[in-house]
Amino acid sequence: MNLLTITELKQAAVAGRTAAALHVQIETVSRKDTRDGKPFYELNVVDAEGKFMLRAWSDAPSFAQCEGLRAGGFLELAGEFTLGNYGLESKDWRCRPLDPAERDAMLAGPPELRAKQQADYEFLFQSAQALADPRLRALALLFFNDFGERLQRTGAARVNHHARRGGLVEHMAQMLRAALAIATVYPHLNRDLMVAGVLFHDSGKLWENIYAADGFTMPFTDRAELLGHIPIGIELVNNLWRRLLLTEEAKAWPALQPESEQVRLHLLHLVAAHHGELQFGSPVVPKTPEAWALHHIDNLDAKLEMMAAGYAVAKTLGEHVYEKVWPLPGNLVGSLPAFGPLSS
């Protein structure tokens with residue numbers, strides 16, 4: 001039986017019933033009852049790339065196995081899976097605990113994903129080092145020094161896009177590539193401010209979407225629920241800035257242009273306005289060219305990631321047409337291939 005990731009299983013199940021084994025961590029496990037009073041278990045499981053919900057009905061062998069399961073545990077699930085109206089389903093599955101070596105291999109993540117995220121992190125760090133403005137460079141390097149490890153285990157979201165351990169690094173790196181390209185087309189944009197905006201716009205997610213150090217579960221916290229990532233990000237930038245003001249390096253800042261307070265305010269505006277609209281959680285709408293550019297770059301990368309993930313798992317409705325994937329607004333249509341000669 002093939003050992004697959006959750007993403008690989010979803011892709012395989014599009015073609016039909018698939019026998020597979022999975023290594024997962026239990027996010028939640030709860031016992032519930034049907035309308036007829038029959039008990040069943042509901043498991044939410046996760047791995048490095050995805051998550052799904054699985055049920056164990058009272059007449060299935062897996063029901064008894066669920067009685068000893070606890071959130072945070074690591075399991076191998078094995079069985080036949082199909083893709084139903086609510087995602088992956090299996091009526092006949094079984095499980096066993098992972099041994100320590102299997103758990104450690106799972107926590108490391110798939111090699112390709114691990115290599116990609118490491119390369120993306122290095123790109124972000126090198127871009128911070130290359131900032132011309134010494135204030136933004138110092139701020140970014142202090143951020144990486146204090147929170148680099150935390151950044152590498154943060155997701156860009158709980159669902160929808162880059163919703164995986166290290167997903168925020170991938171999202172930021174792709175945004176930064178787009179920002180650097182756009183800055184060459186629109187040279188009036190402040191390039192250093194754009195880079196810093198990418199690095200800090202979602203910095204509050206290091207508390208809102210942080211994965212546990214020893215797993216793939218994302219706990220809920222008072223800070224995240226009561227404030228949200230935009231206010232937390234603003235607070236973080238201000239705290240780091242105040243620390244820098246106490247350094248020897250900051251003594252030279254009064255002679256720099258633009259003045260330091262304007263630099264701080266414009267960066268805070270990028271953090272505050274990156275959702276683009278008040279109804280989407282930004283306390284202020286974009287009011288500078290850099291803020292508008294950052295908002296659209298952020299939204300573009302999120303949407304394209306959702307589409308790429310959707311193509312991989314969506315059911316086919318017709319030639320080139322795929323079933324709608326939430327939260328995108330309509331059915332997906334396959335993109336037009338690049339022009340090229342006919343194959344012989």
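## Where helix 6 meets helix 7

Met-172, Met-175, Leu-176, Ala-179, Leu-180 and Ala-183 of helix 6 are in contact with Arg-191, Met-194, Val-195, Val-198 and Leu-199 of helix 7. Contact here means heavy atoms within 4.5 Å. Helices (H or I, at least four residues) and strands (E, at least two) are DSSP runs, numbered from the N terminus. The residues where helix 6 and helix 7 meet comprise 10 nonpolar, no polar and one charged. In this sorting, Ala, Val, Leu, Ile, Met, Phe, Trp, Tyr, Cys and Pro count as nonpolar, Asp, Glu, Lys and Arg as charged, and the others, Gly among them, as polar.

The model is predicted: local features need pLDDT of at least 70, side-chain atom pairs count only at pLDDT 80 or more, and totals for chains, interfaces and linings use all residues. Residues are numbered from 1 along each chain as its sequence is written, and side-chain values use heavy atoms, with hydrogens and water left out.

How do the two helices lie? The axes of helix 6 (residues 167-185) and helix 7 (residues 191-200) come within 9 Å and cross at roughly 165°. Helix 6 is therefore roughly antiparallel to helix 7. Axes are lines fitted to C-alpha atoms, for helices over the stretch in contact, and angles run from 0 to 180 degrees between N-to-C directions. Angles under 35 degrees count as roughly parallel, over 145 as roughly antiparallel, 65 to 115 as roughly perpendicular and the rest as oblique. The crossing of helix 6 past helix 7 is right-handed; a crossing is left-handed if the near helix is turned anticlockwise from the far one by less than a right angle, and right-handed if clockwise.

## The chain as a whole

Stepping back, the protein chain has 12 helices and 10 strands. Its C-alpha trace spans about 75 × 55 × 40 Å along the principal axes. Of the 344 residues in the protein chain, 46% are buried. Buried means under 20% relative accessible area, exposed over 50%, and partly exposed in between (1.4 Å probe, protein chains only). Among contacts between residues at least 6 apart in sequence, 59% join residues at least 24 apart.

How many of the 10 residues of helix 7 are buried? Nine are, so helix 7 is largely enclosed by the rest of the structure. The buried residues of helix 7 include Asp-192, Leu-193, Gly-197 and Phe-200. Their cover includes helix 4 (111-129), helix 5 (134-151), helix 6, helix 10 (229-245), helix 11 (260-273) and helix 12 (289-313).

At the start of helix 7, a side-chain oxygen of Asn-190 comes to within 3.2 Å of the backbone nitrogen of Asp-192. A polar contact is a pair of N or O atoms within 3.5 Å; within protein, one must be able to donate a hydrogen and the other to accept it, and residues adjacent in sequence count only if both atoms are side-chain atoms.

## Helix 4 against helix 6

Helix 4 packs on helix 6 at an angle of about 50°, with the axes 9 Å apart. The two are therefore oblique to each other. Helix 4 passes helix 6 in a left-handed crossing, and their contact has nine nonpolar, three polar and four charged residues.

One of the residues in helix 4 is Gln-117, which is buried at 14% relative accessible area. Not counting residues up to four places away in sequence, Gln-117 touches Arg-165, Gly-166, Gly-167, Val-169 and Glu-170.

## Two buried loop residues

Asn-209 sits in the loop between helix 8 (205-208) and helix 9 (222-227) and is buried, with a relative accessible area of 4%. Its side chain reaches the backbone oxygen of Ala-156 at 3.5 Å.

Phe-216 is also found in the loop between helix 8 and helix 9 and is buried, at 2% relative accessible area. Leaving aside neighbours within four places in sequence, the contacts of Phe-216 include Gln-25, Val-46, Met-106 and Tyr-211.

## Backbone details to look for

Most residues other than glycine have a negative phi, and most peptide bonds are trans. Gln-257 and Pro-258 are joined by a cis peptide bond, with omega about -5°, and Pro-258 lies in the loop between helix 10 and helix 11. The peptide bond from Trp-326 to Pro-327 is cis too, with omega near 5°.

Asn-160, not a glycine, has a positive phi of about 80°; it lies in the loop between helix 5 and helix 6 and is partly exposed at 34% relative accessibility. His-320 has a positive phi near 70° and is exposed, with a relative accessible area of 51%.
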